[in-house]
Structure formats: structure tokens, C-alpha cells
Amino acid sequence: MRFRGIVAALSVSLLCFLPFRLLAKNNPRPHVIVVGVNGMEWDIIRPLLLRGELPNLAKLIQGGVYGKLRTLSAPNCPKIYTTIATSTPPEENGITGFLVHGITANTSMLREEPIWSILSKNRVTVGMANVPATFPAMPVNGYMVSGMLTRGKGCENGLLCSPKLSEVEGGDAVYPKSMVAELEARVGDFWIDCSRMPTADDLRGKESKVINEWLAQVTRIRNQQLKLFDYLLTYHPTDFVMLAQSCEDRVGHWLYPIQPYNVGYNASIHSVRLDAFPNQYRAFDQVLGKILEHADANTYIFVISDHGIKPLREFEQEQPGHPSVHDHGGTTPIIAHHDFEDGDDVPGAFIAVGPNIKKNVRLMGFPISVFDIAPTILHIYGIEVPGQMRGRVLMNIFQDTAKRRYVSKATSAK
Ligand SMILES: [Zn+2]
């Protein structure tokens, strides 16, 4: 297969590369940081922005282009992140959901080349951490720490659970492997992903206690993630960086602050911590602030989410065997989800800031889709957009195309 050969060639050739820190220091390529937030929901973040409770996100919005990101039908994290990375539909890239033919999605199933491989081949240094569906970690011109769907002790199927770095099984969570010892020593034995949601049995009769303990664990995971991101950005700077957080989505599924009239409402669970879901964005904003310490006026920053998340609706919950029941934790009493048939019901978020990106511009409607992210980033690096990519270069987000510093061979929208 075409892409299999590329991976094999990369894994050999990258062994000969200079340490990526040296490369990054001496090379003038654009600095791009992509921050993925699983299930960022505009309905929740808008009031927080208005109250001034997300100062770092507000700064990006005021300094850049922002709006809804069109996602696909029945969106979920592995499916959409892989679409973002390859700019190809799930049925072509091989990652159609959490499970593919009954097996947890993994990178050996990838049939189209993701952006981190294309950048690596073009000698752009690449740093990645916690991006969904990147397990086992792939060889890149830099480093990769896997994310959601990593398998390990207590999380054997990798489905929405959280092995520690030392407990990963069935593949490598870190490329290059030699970085594992360094991360364990300098960052600690961190959880790769957010926690599994409690089951209905776990919750019954002790809802408040279980909810508060689970949220405390989410805070511990996020603090470790913050430490990991800060360490990587400080000691392993790369041209291209992609980091992702997934606790927002996990919390939203069962602790979305909804009205008592909504389908699925259970006062013993849903009146306990109305602040739980908004708090995830307050905490995310702190993480974003730390990431922004590693950016300057010449850095391109993309904050994106694969989809939003909305309260359940009766007419769709009547469908037997709805995928969310399986994909999101079995018997957890879910109150919100995102795999609605019409993906436009749960758009993602798109915020872009950079040296030649327009400022304080709101994009109305759906002018940007998940397919457009990879072509636009390749364009920033002056790399030709491969023919299989379905998205377009987002020329409309740039200020003055005539004065752009980096000129791509593939500037025309496809
Ligand atoms: Zn989800």
C-alpha cells in the first residue's frame, strides 16, 4: 500500500536526522501550533467569553479569524481527527470510528498520509501530543506522544479510558521510544488520555461522591497534560506542533448542565455539579495560556475542535443501537452527545491567529470544514497540497495574499 511504504521509509530515514531541537533552532520555517479541543461547544464557551472567564481564548479570537467548523455526519473524535489530519473522508482514510470492523482504530489502519508525515518528509520538524487515534505512535521528524485510543493496563481495548505511560500495551505510545525514560523522569508517569466515565452501577446511590472524585481525577490528568505540553514545548521545540485535550468532551457527555425538561435528565446526577462542564473550558484556558507562552507574533495558532456537543433529543434516541451508547462508555447515563446524523447540528470550533491572518473576523455560516485544516497548514509551509486531499487552502483567512511570505504552489482552492 502506498502509505505503508512511506511510513517504513520514514522510520529508517529519521534515524539519520539531526536532533530536532538543533534543527528547529537553525531553521526559519513557520512556527505553527494546532491545539485540538475535543467537543468544544460554542453554546458553553460564548457566555464564558462574555464574562471574561476565558481570557486567553478571547485574546486569540480578537486577534484572529473565528467561527464554526463544519464537521461530518455522526462525528466522533477518531473519525474527525483523522479527517482533519488527512483531508480525506473516513471511508478512504480507514478510520471510520472508534471501532473499525470490531477492532479499536489504530494507526496501522491508516490508508492516507496524515499531515505529520507530509511535513516530516519535507523536513519540517514535528511535535505531537495526545492527538486522538495516533496509537501506536508513528515515526515523525520529531516526536509523537499518542492520545485517545491508546491501549494499556486497565484500558485493554483503548476505548475512552486512560492507561499511564508505564502501563501502555500493544504498541509504543511515544516516538522515538528513547523519549519514554526522559518523559517519565521529567514529567512523571502521566495518563495518556482522560478517564473512563463511571457506569450506572458505579453511580447508583453515591452520585455526588463519584462525580466529585471523577472530576478530581480529571483535574489531575489535565495538570499532568499541562506539565507535559510545557515540557515538550520548552525542551523539544519544533516547527509544527499539534496538541489535543479530550476531557472537555468526556465531561460534557454526562455532566452537561441541562434543564430538567430535557430527555435523560436525572436530578441525582445532573444537579450535582452544574459548573463541571464550564469548568473544563476555564481549565482549558489556563492550558492555552501556558501554550501561548511558547508563541510569538510570528507563530500561527489554530484552536480547533472536531465537533461540538449538544443535549440529547428524543427523536434520535429512539434509534436502537445508536453508536454513542457503545462509543461513550456502555452504561454511563449520557445526557449529551455529538454523533447526530446531521453534523451541522454539532459544529466544531475554528480559531486561527498568525502574522498574516485577518484580525477579529467572524466567519458566518459554514465556510470552513474539517477537510480544510491540513491543506491550509501545508500552504503556510509552502508545501504542495497532495491530490487526494479534499479540502481547500483557506485563502480567505489571510490578510493580503499578495504579500504573503510563504508562497505555495497550490494556492488555488480545489
Ligand atoms: Zn465524545
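## Helices against an open sheet

Helix α13 (residues 276-292) lies across β1 (31-37) and β8 (240-245), running at about 170° to β1. Contact here means C-beta atoms, placed from the backbone, within 7 Å. Axes are lines fitted to C-alpha atoms, for helices over the stretch in contact, and angles run from 0 to 180 degrees between N-to-C directions.

This is a predicted model: local features need pLDDT of at least 70, side-chain atom pairs count only at pLDDT 80 or more, and totals for chains, interfaces and linings use all residues. Residues are numbered from 1 along each chain as its sequence is written.

The protein chain has 16 helices and 13 strands. Helices (H or I, at least four residues) and strands (E, at least two) are DSSP runs, numbered from the N terminus.

An open sheet of mixed pairing holds 9 strands, in the order β7-β6-β5-β8-β1-β9-β12-β2-β13. Strands pair if DSSP finds at least two bridges between them. β7 and β13 stand at the edges with a single partner strand each, so one side of each lacks a neighbour in the sheet.

| Edge strand | Residues |
|---|---|
| β7 | 174-175 |
| β13 | 361-363 |

Strand β2 (residues 65-69) runs parallel to β13, joined by 3 bridges. Tyr66 has Arg362 of β13 as its bridge partner.

Helix α11 (residues 247-255) packs on α13 at about 170°, with axes 8 Å apart. That makes the two helices roughly antiparallel, a term for angles over 145 degrees. Residues meeting there include Cys247 and Leu255 in α11, and Ala276 and Phe284 in α13.

Technical notes
Contact = placed C-beta atoms within 7 Å. Parallel < 35°, antiparallel > 145°, perpendicular 65-115°, else oblique.
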